Amino acid sequence: MTEQHEAPGGVSGRALQKDIPQATVARLATYLRVLAMMADEGVAIVSSEELAVAAGVNSAKLRKDLSFLGPNGVRGVGYDVAKLRARIEDVLGLSEGHRVVLVGAGNLGRALVGYGGFRRRGFTVVGMFDSDPDVIGLSVAGMPVLDVAGLPDAVTSLAPTIAVITVPDDAAQDVCDRLVAAGLQSILSFAPCQLVAPEGVEVRRVDLAVELQMLSFETARNAPQLPEVAHAVSGRITHRVPTPHASPAHPALKHSTASHSTTSHSATEPTSKGSVIQ
């Protein structure tokens, strides 16, 4: 089996990044996670069907996604797990790993710093910051919490490539400004508010409340309908027909269609302001 780590014409994987759709990038990250699990289990070769099932997509979509990476497998044989994993890491910019700083030593920030899965995927937390005097100096997962006032000098010495914000929304913009001023160009924010950053700075926002609301919507939409509701929605409402032998003194019963209303569910932004960490 042969695998290639360059696209046709000798173009490196990173040169293809601008041509890959965002939805495909998200799925590539999923494929990478699955491939890492397979490698840990000692799997050397995987077919497109097997990889697609493990990633939760159909094999045609998987093959189309992987086509953006250039030649990677052999028809009838499959993909070399280690080489395909390295190829995706190259395209996702993970080959050399990333150094991460985190601002906000609340519950969420501490949980993220303590999560060992980041390092296994190429992300190493090198610094944690906060502005609370009661928190500064504490050790979290073996890492001291530093004063956010010293962020510019710390960024110079720690050389991070990504920053994570886990502070309340009323402090998030100030933290974002500090990070940008310190030279960070890739920021992940868990604050529910929208952040403003200069052009060239990539800010991604993760709103846990919105994600939960989307799950609520899916739960409501997929819930089994009550028989009478399904009956009304279907439009197939039956009417009783009087029989020929009905007595004139007892006219046929008249049936009116009862109106049924269904509850509308929608995923909306929360109206109350509040911190995502306690």
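This is a predicted model: local features need pLDDT of at least 70, side-chain atom pairs count only at pLDDT 80 or more; totals for chains, interfaces and linings use all residues.
A residue is called buried here when its relative accessible area is under 20%. Strand β5 is paired with β4, which covers residues 98–103, and the two strands run parallel, joined by 6 bridges. Within this pairing, Val100 has Val125 of β5 as its bridge partner. Strand β5 is also joined to β7, again in a parallel arrangement, through 3 bridges, and Asp130 stands opposite Asp147 of β7.

Most residues other than glycine have a negative phi. Ala141, by contrast, has a positive phi, near 55°, although it is not a glycine. This alanine, Ala141, is placed in the loop that lies between β6 (139–140) and β7 (143–147). With a relative accessible area of 61%, Ala141 is exposed, because the cut-off for that class is over 50%.

A positive phi, of about 55°, is likewise found at Ala159, which is not a glycine either. Ala159 belongs to the loop between helix α7 (151–158) and strand β8 (162–165). The relative accessibility of Ala159 is 44%, and this residue therefore counts as partly exposed, since that class lies between the limits of 20% and 50%.

Notes
Residues are numbered from 1 along each chain as its sequence is written. Side-chain values use heavy atoms; hydrogens and water are left out. Helices (H or I, at least four residues) and strands (E, at least two) are DSSP runs, numbered from the N terminus. Buried means under 20% relative accessible area, exposed over 50%, partly exposed in between (1.4 Å probe, protein chains only). Two strands pair if DSSP finds at least two bridges between them.
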